[in-house]
Amino acid sequence: MRRFPRRGALSPWVVLSAALAALSFAGSAVRAKAAKPGVAKAGAKSSVAPKLDVKSWQLANGLEVLFLADHKAPVVTVQVFYHVGSKDEHVGIRGVAHMFEHMMFKGSLHVPPEEHARMLKEVGGQTNAFTTEDLTAYHDTVPPSYLGFAMQLEAERMRHLKLLPETIDSERKVVEEEKRLRVDNNPVGKAIERFRLLAYTKHPYAWTAIGTIEDLEKVRPEDCQRFYDAYYQPNDATLIVVGDADEAEVRKLAEQHFGPVPRGAAPARVKAVEPTQTEARRDTLELEVQVPVVVGGYHIPRAADADVPALEVLAAVLSTGESSRLHQRLVRKDRLAIAAGGLVQSMEDSGLFLAYAAYLPDRDPAKVQQAMSEEIARAREHAISSVELDQAKNQLAAAFIFGLQTVDGVATELGQYQYVFGDWREFGKGAARYLAVTADDVTRVARKYLVDTNLTLLTLRAPTGAPAKGKDAK
């Protein structure tokens with residue numbers, strides 16, 4: 001299942017599975033879906049998503065409001081999701097969505113720079129944000145008595161942000177340094193960039209939300225103003241409140257603080273469609289690395305597609321935990337790799353099914369790739385066992401439920417379903433999406449998507465010419 005850590009650095013590249021999970025790593029937002037190993041026993045019947053009484057309504061200016069009462073603890077979270085991410089950029093301003101994640105804390109008409117976070121901290125609250133290809137989200141978690149205060153702050157910066165040249169220059173430098181630290185000086189970060197450019201030929205998913213130095217250096221104040229006016233509008237946003245509050249209070253406060261914000265023009269949406277891949281794509285990236293990596297990816301449908309739950313189950317069978325097929329074959333049996341796994345990266349448009357292996361330099365990369373290919377082929381040619389199926393389904397279902405233990409987790413899931421899945425109501429299906437998957441479904445999606453003509457393969461290795469050690473080296 002997917003989790004969404006906030007603002008952490010990209011995981012060290014040697015921790016490969018975590019690093020690859022950070023494919024959309026501006027703001028460290030991770031939508032890659034990977035089940036937690038061992039969270040449920042095969043055949044368990046307890047992984048049924050609880051019924052959540054989410055209330056929804058729309059203000060006159062188009063702002064969607066979602067509210068879920070949760071009185072277990074005296075805390076409430078206010079999250080504002082904007083339907084804009086790096087896929088709404090174009091060449092020339094790549095990285096501007098990520099810049100806004102920073103600039104939204106740098107002062108508005110009535111709130112001086114950095115005061116948003118400081119004031120919430122003073123009342124016992126906390127705030128943060130993240131950016132992905134598909135959305136940008138801001139969240140404030142506070143004691144219930146400060147619910148209105150958090151809403152007031154979010155409404156203030158929705159349309160009153162001060163986009164001063166000095167602020168833009170300052171945050172440009174911050175984002176550029178983040179890019180250098182987390183990508184340019186990180187072999188896996190560079191490999192991810194190369195892989196995405198190879199996998200996507202038309203769609204703006206070809207770049208990640210971290211941006212590019214080339215474009216960040218050219219972003220002008222007028223570019224930022226156009227982006228802000230186009231997407232930071234109430235009719236392009238969803239306000240989500242979860243916690244110790246009542247509906248009448250939330251309705252009143254939402255109307256009071258967000259109601260006066262005028263509706264904006266309907267924002268432009270991405271029209272690019274990634275064409276069907278008809279032949280395998282392969283590339284090699286040579287950098288000074290001690291542990292080579294091979295990453296294979298297959299195009300899959302958008303997150304809302306009915307095939308995605310079966311693809312997630314398949315990914316769990318192949319990749320989750322030490323009992324998974326890729327780990328057992330490449331790490332335990334053949335001793336070709338030190339780590340092997342994969343995940344499903346679901347996005348609003350076409351996503352990716354990823355498989356990877358990290359291996360020592362004395363191993364033959366051709367043998368590593370062959371073993372990965374054979375395990376993928378086995379999933380296409382033979383049905384998975386009932387034990388594998390039950391274990392994967394219950395791991396995914398339980399991980400979904402565990403993600404509902406905090407008000408922050410519930411609110412973030414609702415926001416993701418609203419814009420990545422296209423409808424927050426899909427959230428209600430939750431664990432049932434996985435529990436309904438059959439072995440035949442898994443075989444069918446493997447045969448449909450995990451085919452060689454749909455494969456993009458990138459190898460990250462040290463420059464050739466240096467002698468490799470070991471009997472398998474060439």
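Two strands are taken to pair if DSSP finds at least two bridges between them. In this predicted model, strand 2 (residues 55–58) and strand 3 (residues 64–69) meet that criterion with four bridges, and the pairing is antiparallel. Within the pair, Trp 57 is placed opposite Val 65 of strand 3. The hairpin formed by strand 2 and strand 3 has five residues between the strands, and Gly 62 adopts a positive phi near 95 degrees there.

Helix 6 covers residues 187–199. The N-terminal end of helix 6 is capped by Asn 186, from which a side-chain oxygen lies 2.9 Å from the backbone nitrogen of Val 188. Val 188 is itself buried, and the buried residues of helix 6 also include Pro 187, Gly 189, Ala 191, Ile 192, Phe 195, Arg 196, Leu 198 and Ala 199. In an α-helix there are 3.6 residues a turn, so residues three or four places apart point the same way.

Asp 215 belongs to helix 7 (residues 213–216). Its relative accessible area is 0%, and Asp 215 is therefore classed as buried, the cut-off being under 20%. Apart from neighbours within four places in sequence, Asp 215 is in contact with His 90, Val 91, Gly 92, Ile 93 and Arg 94. One of these, Ile 93, has its backbone nitrogen reached by the side chain of Asp 215 at 3.5 Å. The C-alpha atom of Asp 215 is separated by 8.7 Å from that of Val 96, a residue 119 residues apart from Asp 215 along the chain.

Terms used:
Residues numbered from 1 in each chain as written. Predicted model: local features only at pLDDT ≥ 70, side-chain atom pairs only at ≥ 80, totals over all residues. Heavy atoms only, no water. Helix = DSSP H or I, 4+ residues; strand = E, 2+ residues; numbered from the N terminus. Expected span 1.5 Å × (residues − 1). Buried < 20%, exposed > 50% of the residue type's maximum accessible area, 1.4 Å probe, protein only. Polar contact = N/O pair within 3.5 Å; in protein donor to acceptor, adjacent residues only side chain to side chain. Contact = heavy atoms within 4.5 Å.
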